[in-house]
Amino acid sequence: MSLAHTAAEYMLSDALLPDRKGPRLKGLRLELPLDRMVKFVAVGFPLLLVSLAFAQEFSSGSPISCFCPSNFSIQQAAYVDSSCWDSLVHHEQDESGQSKTKSLWPHKALPYSLLALAVAMYLPVLLWQYAAVPALSSDLLFIISELDKSYNRAIRLVQHMLKIRQESSDTDVFWDELEKARKERYFEFPLLERYLACKQRSHSLVATYLLRNALLLLFTSATYLYLGHFHLDVFFQEEFSCSIKTGLLHDETHIPDLITCRLTSLSVFQIVSLASVAIYTLLVPVILYNLTRLCRWDKRLLSIYEMLPAFDLLSRKMLGCPINDLNVILLFLRANISELVSFSWLSVLCALKDTATQKHNIDTVVDFMTLLAGLEPSKPKHLTHGMCDENP
């Protein structure tokens, strides 16, 4: 065995990917980075505001402070504060002198509305987890495994070609068989390509993804409506007139008809309202950007894997409308690029291929590894000229 053949075997052995042992599902990212960020902000921010509201209540005591008559005892003043907070109704007179009331319940419902908002924003996440993640995880595991296996099969094929070349006494017969195999497409493993082509006709994943983001936009719009309709009406009202002459106290003459109270928690109410509008306004462009990514293909990822035999979705122009499950899978393949061990090798080969295309006919990783293994220089001249004539 010559030294050159030994070096070629070592090079091909090093190019083989090691077998992955252990469960691979734990390493998969089943949420896109921007979707994860939207989830943490949309769900976590209301919970943070809830903690802020409760912290303010525990630190400052009662959320209102009523100005009771001087003859009221401490117990009576505490009763007035409690009664006015329970009712939270502002009594006033209109221009015609008639009495009217205005409810200030958004102040009391603030923590519970934030909790409801957090639960509503988590519903799209649950939808994705139960409707899409099981199918997506199985698709990703199969595709990642097949991509790495296809790369390894190509390397082993070149190893086998090198072994046959060493044992062959007639080099012309070897190259004739090799060219025939290339023309008959013996080196291709079409299972993965056909599987990905089938995913173009499937729309379950993309429908779930669209529904998830549509629900986020819907709940964000509902938040705007709630804040604009209910919070804006009481946003600047710090004081209100409260009536405690109800029930047994209705006929008590020493109790004034109205008692003025001040909302000590108004600043927290205003901060929560403004912060909610600001944060969810910033999330809307991110959600819209996530949706627009479904309108275009990640052709860079596909072009790199065009180096694999029978993976020519781009060159055959098999890609149609990008709104299908295949595009969603490609987005998650890009997010799980660290799990694709073959990606780094193929990226290097693609970069080297671009510098060698002027001298050699290189279409797949088999062609490139054949060149690196030293088989290409031993090709008969009539075959080399024939390949150059086919690819001027």
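Trainee: How many disulfides does the structure hold?
Mentor: Two. Keep in mind that this is a predicted model.

Trainee: Remind me, what is a disulfide?
Mentor: A covalent bond between the sulfur atoms of two cysteines.

Trainee: OK. Which residue does C66 pair with?
Mentor: C261. The S to S distance is 2.1 Å. The pair links distant parts of the chain. C66 sits in strand 1, residues 64–66. C261 sits in strand 5, residues 259–263. They are 195 residues apart.

Trainee: Is that disulfide right-handed or left-handed?
Mentor: The torsion about the S-S bond of C66 and C261 is about 100 degrees, so the disulfide is right-handed.

Trainee: And are C66 and C261 buried or exposed?
Mentor: Both are buried.

Trainee: Now the other one. Which cysteine does C84 bond to?
Mentor: C242. Their sulfur atoms are 2.1 Å apart. This pair links distant parts of the chain too. C84 belongs to helix 3, residues 74–87. C242 belongs to strand 4, residues 239–242. The separation is 158 residues.

Trainee: What about the handedness of the C84 and C242 link?
Mentor: Left-handed, with -100 degrees about the S-S bond.

Trainee: Why does C242 count as buried?
Mentor: Because its relative accessibility is 1%, and buried means under 20%. C84 is buried as well, at 0% relative accessible area.

Trainee: What pattern do the disulfides follow along the chain?
Mentor: Count the bonded cysteines along the chain, and the pattern is 1-4, 2-3.

Trainee: Switching topic. Which residues touch the most other members in the largest nonpolar core?
Mentor: W128, L136, L140, Y305, L333 and L346. That core has 40 residues. Several helices give two or more residues to this core, among them helix 6 (133–167), helix 9 (204–231) and helix 13 (341–356).

Trainee: What is W128 in contact with, beyond its close sequence neighbours?
Mentor: Leaving aside neighbours within four places in sequence, its contacts include L30, E31, L136, Y209, R212 and F332.

Trainee: And what does the second core include?
Mentor: That separate core has 25 residues, including F72, C84, L114 and I244.

Notes. Residues are numbered from 1 along each chain as its sequence is written. This is a predicted model: local features need pLDDT of at least 70, side-chain atom pairs count only at pLDDT 80 or more; totals for chains, interfaces and linings use all residues. Side-chain values use heavy atoms; hydrogens and water are left out. A disulfide is a pair of cysteine sulfur atoms within 2.5 Å. Helices (H or I, at least four residues) and strands (E, at least two) are DSSP runs, numbered from the N terminus. Buried means under 20% relative accessible area, exposed over 50%, partly exposed in between (1.4 Å probe, protein chains only). A nonpolar core is a set of buried Ala, Val, Leu, Ile, Met, Phe, Trp, Tyr and Cys residues joined through side-chain atoms within 4.5 Å. Contact means heavy atoms within 4.5 Å.
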